[in-house]
Amino acid sequence: MINAVLVFNNSGQPRLTKFYTQLVRFPVHVNDQGISKQRRLTLVVTQDTSVQQRLISEIFTLVSNRPASACNFLPLPALLAPPSTSTTTTDPAHYSDNPTNITYRHYATLYFILISTSTESPLALLDLIQVFVESLDSLFNNVCELDLIFNFEAMHACLAEIVVGGVVVETRVKEIVKGVRDSDKGSVRGKEQKMGPVGAVGRGMWAGR
């Protein structure tokens with residue numbers, strides 16, 4: 001299951017934040033040696049904006065500091081990662097719906113990030129990010145960051161054609177673009193309103209990794 005889709009620019013400014021599940025915060029305790037330990041004493045299920053903002057900040061810091069040679073997968077920050085051990089349950093399926101993984105790709109000036117459960121294939125999620133970017137590229141004819149700023153409704157509509165309730169429902173770019181254009185949110189503001197090609201990722205020009 002996909003728990004969240006995030007898009008940042010290189011400065012850490014969010015261009016898209018979409019959460020599909022409630023945030024389950026696992027308390028972090030520090031022992032006498034100063035080592036953090038997670039214990040499932042209580043679970044805080046929240047949609048608190050401050051928690052989301054902290055999570056977004058931590059994820060961007062982790063992703064942006066990774067070298068280009070690093071892989072595109074990493075574990076979720078301790079803020080929301082489930083504990084490795086539990087004194088209340090031994091059923092591994094108990095945490096199956098909790099987010100555990102981060103998958104991302106970096107295109108020019110934009111980071112596309114998926115937060116998912118361990119049941120999702122990281123390689124499939126990389127392909128899904130590619131589908132999302134190609135769909136945006138088809139909608140905006142060489143998409144750039146300003147397209148996402150001026151046409152955020154079309155961007156959300158594009159994502160809604162791909163993922164519904166955290167489940168992938170469509171991966172065909174032509175069908176995604178058609179669905180957005182057929183909706184009342186598919187209108188795109190003109191290129192003359194942009195101030196130049198900021199982070200273009202047109203076909204044949206993929207800067208992602």
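Helices H2 and H5 pack with their axes 9 Å apart, at an angle of about 50°. Axes here are lines fitted to C-alpha atoms, for helices over the stretch in contact, and angles run from 0 to 180 degrees between N-to-C directions. H2 and H5 are therefore oblique to each other. On that scale, angles under 35 degrees count as roughly parallel, over 145 as roughly antiparallel, 65 to 115 as roughly perpendicular, and the rest as oblique. The crossing of H2 and H5 is right-handed. Right-handed means that the near helix is turned clockwise from the far one by less than a right angle, and left-handed that it is turned anticlockwise.

Before the residues, a word on the source. This is a predicted model, in which local features need pLDDT of at least 70 and side-chain atom pairs count only at pLDDT 80 or more, while totals for chains, interfaces and linings use all residues. Residues are numbered from 1 along each chain as its sequence is written, and side-chain values use heavy atoms, with hydrogens and water left out.

Which residues of H2 and H5 meet? From H2 they are Val-131, Glu-134, Ser-135, Ser-138 and Leu-139, and from H5 they are Val-173, Ile-176, Val-177, Val-180 and Arg-181. By class, this contact of H2 with H5 has six nonpolar, two polar and two charged residues. Contact means heavy atoms within 4.5 Å. For the classes, Ala, Val, Leu, Ile, Met, Phe, Trp, Tyr, Cys and Pro count as nonpolar, Asp, Glu, Lys and Arg as charged, and the others, Gly among them, as polar.

H4 and H5 pack at about 130°, and their axes are 9 Å apart. H4 and H5 are therefore oblique to each other as well, and H4 passes H5 in a right-handed crossing. Ala-154, Ala-157, Cys-158, Glu-161 and Ile-162 of H4 make this contact with Ile-176, Gly-179 and Val-180 of H5. Its make-up by class is six nonpolar, one polar and one charged.

Now H5 itself, which covers residues 173-182. Which of its residues are buried? They are Val-173, Ile-176, Val-177, Gly-179 and Val-180. Seen down the axis of H5, these buried residues fall within an arc of 160°, so they line one face of the helix. The arc is that of the directions from the helix axis to the C-beta atoms. Buried means under 20% relative accessible area, exposed over 50%, and partly exposed in between, with a 1.4 Å probe and protein chains only. Lys-174 and Asp-182, on the other side of H5, are exposed. The cover over the buried residues includes H2, residues 122-140, and H4, residues 152-162.

Stepping back, the protein has five helices and eleven strands. Helices (H or I, at least four residues) and strands (E, at least two) are DSSP runs, numbered from the N terminus. Of the 209 residues, 44% are buried. Among contacts between residues at least 6 apart in sequence, 63% join residues at least 24 apart.

A few single residues next. Val-7 lies in strand E1 and is buried, with a relative accessible area of 0%. Not counting residues up to four places away in sequence, Val-7 touches Gln-13, Pro-14, Arg-15, Leu-16, Leu-110, Tyr-111, Phe-112 and Leu-148. Phe-60 is 53 residues from Val-7 in sequence, and 9.5 Å from it in space, C-alpha to C-alpha.

Phe-60 comes up again with Gly-12. The two are 48 residues apart along the chain, and their C-alpha atoms are separated by 6.3 Å. Gly-12 sits in the loop between strand E1 (2-9) and strand E2 (14-19), and is partly exposed at 22% relative accessible area.

Ser-116 is in strand E9, residues 110-116. Is Ser-116 buried or exposed? At 1% relative accessibility, Ser-116 counts as buried. Its contacts, leaving aside neighbours within four places in sequence, are Met-1, Ile-2, Asn-3, Pro-99, Thr-100, Asn-101 and Leu-125.

Last, the loop between H2 and helix H3 (145-150), where Asn-141 is found. Phi of Asn-141 is near 55°, a positive value in a residue other than glycine. Asn-141 is exposed, at 56% relative accessible area. Asn-142, in the loop between H2 and H3, has a positive phi of about 75° although it is not a glycine. With 37% relative accessibility, Asn-142 counts as partly exposed.
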